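Student: I am new to this structure. Could you take me through the terms used for it?

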Amino acid sequence: MNVLFAIVRKELKDALRDRRTLMTALFSSLLGAPLILLVFSTVLSQVESQEDKRIVLAVGMQHAPQLENFILRQGYQIKPAPTDYEAKSRSKEIDQPVLIVPNDFEEKIMHGDKVSLEVAYDTSNRNAEFGVRPLRRLLDAYVQETMVLNLTMRGISTELLQLVDIKERYLQKAEERKTSVTEMLPMMVLMAIVVGGMYAAIDTTAGERERGSLEPLMMNPVNGWQLAVGKWSAVALVSMGVVVLTIGSFFPSQWLIKNDTLRAEFQFGIKDAIWFLIVLLPLAASVAAMQIAVALDCKSYKEAQVRNQIVSMFIPFVSLIPIMFPGREPSWFQWIPVLAQNQMMNQVLKGEALNTVAVAIALVVCVVMTGGSLAYIAQKMRKVVMN
Amino acid sequence: MIIVNELYKKFIRHDKPGVKNWADLRRLMTARQKQAQVVQAVNGVSFTAQDGQITGLLGANGAGKTTTLRMVAALLKPDAGNVVVDGDEVRAGESSTQSHMGVLSDARGLYPRLTARENIHYYAVLHGMSAELTAQRTEQLAEWLDMRHLLDRRTDGFSQGERMKTALARALVHDPRNIILDEPTNGLDVVATRALREFLRWLRSPEGGSKCIVFSTHIMQEVERLCDDVVIVAQGRHVARGTVDALMEQAKQTNFEDAFVSLAFLEQRTPSLEERS
């Protein structure tokens, strides 16, 4: 037991003093989530800022004093559009649609004639496009008001026009939250797990061999299992540390979210964090065992790095599998490592409760993976220096 | 005491030929891409190293010294023959004989990110020593090897001599009865070499514990100055053994170097074969 602890302690010390290992562990764990949330909150804010800008760019507003009055009453400002608004909208110098009022607007309205207003925007100008919807809403309200006034003057009740009222009702569970951008997060977390412990795993096997310290190590009276379990424990601790840091980084990331919609969507509490840990810690430990097994018989650091990177390339692929099965998830998903964790993380983010059986299955899969890898490492450990 | 009986070891070397033309490329595509070549690294080596004696394994580069010592250290499984250390047979990959053996390998294999003290302590714990004994033993070795000032520095920037001292202290921390040194003076300057020589003589003496010391070298002066018993290895076989004087007499030479050359290269030499895989 003493020997085992000595190996774990030495490997951990070695890993934490290795700048390469430490940097990857820290970067992969601490940067992913804040970055992705920052990017998404910026994009969402751009969309929403158009909605509450409350400025109308118009051409010929002087021809429609009634409309002008209405718009001002809604708390909007009216700004005359530049004469070359078409060119400027194309070059994205103006980031709003432009309202064009015809010269005879007021006159036609007075006479009860039909009249059209134009809303001009360039479809390649994303910001301007975002602004069309709020402008349309404003104009529709004006049309509605004029109509209601006209009808009331003629003594007709407006109730008649709105006999049927339509309301949307969402069939979501009450506690379920809306998710869209947060679906990206589980993949980031999975990548962090794989990348975080990778260099520790390589350093403890191929790295030791390359530096020539593995051979003298074998002259000590320790058996393969002690070495395998000792080295794995150290790498697993690094990987699990990455998991804890990554999940911990979600909390400060929430402050980075400037956007209210996203903040409402991404409500990550202590309870969610605990579920994440339950799901991810076993995975991190088993991934560490596999990474050591993959790197074990490599002669050089470089070779082990290439092999491990090929293995880690599968992670994004695995989390893409659900796209092929829209709607209901097949039950075999639960048995696939990484995929199972991906699905469970999404459930937690949506605010759903996790199925205990699914959690247990994932745990069993991880234990089997770890055991298999450790058995392989234990019997191979002493043989690698023999040839 | 170490008894080595008729050791044999061959390696299979895979040559990966370079691709220079279409024929090479075609060969690469087929199953016969690798040409296996059998290298007989050790071809019947026997010797006995007594306690309280320094036994030198002398041979040219590629003669099979390192491979022999790796088999003695239980790192390599011999194809035939056996090694008995203090009455226990060595089994490759097993740890039974390793607790009474201290091995300084060619590649010193220190952990660069650990200090000298941490390096030494790690091996002490792996040998099951208590913390108290470890600390005491480390102090003792640091005193003998004159390396106290090195103990708390990381081994990363160590010179060859400092590295050798640390590796030697690490290999001897559990006070083994048998000491195996593979080319210990490689890369050392005169001062460091002399210090090492003194230390080995002391280990051989009754005060130092009458250790059984085996070391390999290709340097004649080392052997002349240090060894009680010399085993000359050539082409994977031991070709002569005895004291330095006896070997000079056997070869009828007055100079040990001449004696070595005439003994080691008596037979027509085949092209040198690298003994390591």
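Student: Which residue of β4(A) does A:Leu99 stand opposite?
Tutor: A:Leu99 faces A:Val119 in β4(A). The model is predicted, with pLDDT of at least 70 needed for local features and 80 or more for side-chain atom pairs, while totals for chains, interfaces and linings use all residues. Residues are numbered from 1 along each chain as its sequence is written, with chains lettered from A and ligands numbered from 1 in the order in which they are written.

Student: What makes β3 and β4(A) a pair?
Tutor: Pairing requires at least two bridges found by DSSP. Strand β3 (residues 98-100) of chain A and β4(A) have three bridges, in the antiparallel sense, so they count as paired. A strand is a DSSP run of E of at least two residues, and a helix a run of H or I of at least four, both numbered from the N terminus.

Student: Why do β2 and β4 of chain A stand at the edges?
Tutor: The open sheet has four strands in the order β2-β1-β3-β4 (chain A), with mixed pairing. β2 (77-80) and β4 (118-120) of chain A each have a single partner strand, so one side of each lacks a neighbour in the sheet.

Student: What decides which residues belong to the contact between chains A and B?
Tutor: Two residues are in contact if their C-beta atoms, placed from the backbone, lie within 7 Å. The contact takes 24 residues from chain A and 25 residues from chain B. On the chain B side, helix α3 (residues 116-126) gives the most, with four residues.
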